[in-house]
Amino acid sequence: QVQLVESGGGLVQPGGSLSLSCTPSGTIFGSYVMAWYRQGPGKQREFVASIRSDGSTTYSDSLKGRFTISRDNVKNTMDLRMTSLKPEDTAIYYCNLKDQSELRPNDFWGQGTQVTVSS
């Protein structure tokens, strides 16, 4: 099994920046996709961005240009750099990992970290 722990959430003023990190532990058996999702108050969980084991990235069209996903191999983290934050970015941000092993495919979620954008 894989465990995912998010960190870096907090209170930010509109227009500010914040970086989130996801630290995985455990064993990944195949190719993988790691992603950030978020769920705002009264809303469904939505896709934010993803990064594959080959380094390729995908972004939500509405967030592309403001958010950047990356991986830090030294710290063993997946990171999300958020800039020009807006009140509508307020949400719980979740880390997700899809292990695409043919023998042991699996899907893992972190507990989430709260991001609040407010004056």
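**Exercise 1.** In this predicted model, determine which residue of S8 stands opposite Ser19, and state in which sense S3 and S8 pair.

*Solution.* Step 1: the residue of S8 that stands opposite Ser19 is Arg81. Step 2: the pairing of S3 with S8 is antiparallel and comprises 5 bridges.

**Exercise 2.** Locate the disulfide and describe its geometry and its surroundings.

*Solution.* Step 1: the structure contains 1 disulfide. Step 2: its cysteines are Cys22 and Cys95, whose sulfur atoms lie 2.0 Å apart. Step 3: the link is left-handed, with -75° about the S-S bond. Step 4: Cys22 belongs to strand S3 and Cys95 to strand S9, so that distant parts of the chain, 73 residues apart, are linked. Step 5: both Cys22 and Cys95 are buried.

**Exercise 3.** Identify the members of the largest nonpolar core that touch the most other members, and trace the contacts of Leu80.

*Solution.* Step 1: the core has 27 residues, of which Met34, Trp36, Leu80, Met82 and Tyr93 touch the most other members. Step 2: strands that each supply at least two residues include S1 (2-7), S3 (18-26), S8 (77-82) and S9 (91-99). Step 3: S9 makes the greatest contribution, with 4 residues. Step 4: with neighbours within four places in sequence set aside, Leu80 contacts Leu18, Ser19, Leu20, Trp36, Val48, Phe67, Thr68, Ile69 and Tyr93.

Terms used. Residues numbered from 1 in each chain as written. Predicted model: local features only at pLDDT ≥ 70, side-chain atom pairs only at ≥ 80, totals over all residues. Heavy atoms only, no water. Core = buried A, V, L, I, M, F, W, Y, C linked by side-chain atoms within 4.5 Å. Buried < 20%, exposed > 50% of the residue type's maximum accessible area, 1.4 Å probe, protein only. Contact = heavy atoms within 4.5 Å. Pairing = 2+ DSSP bridges. Disulfide = S-S within 2.5 Å.
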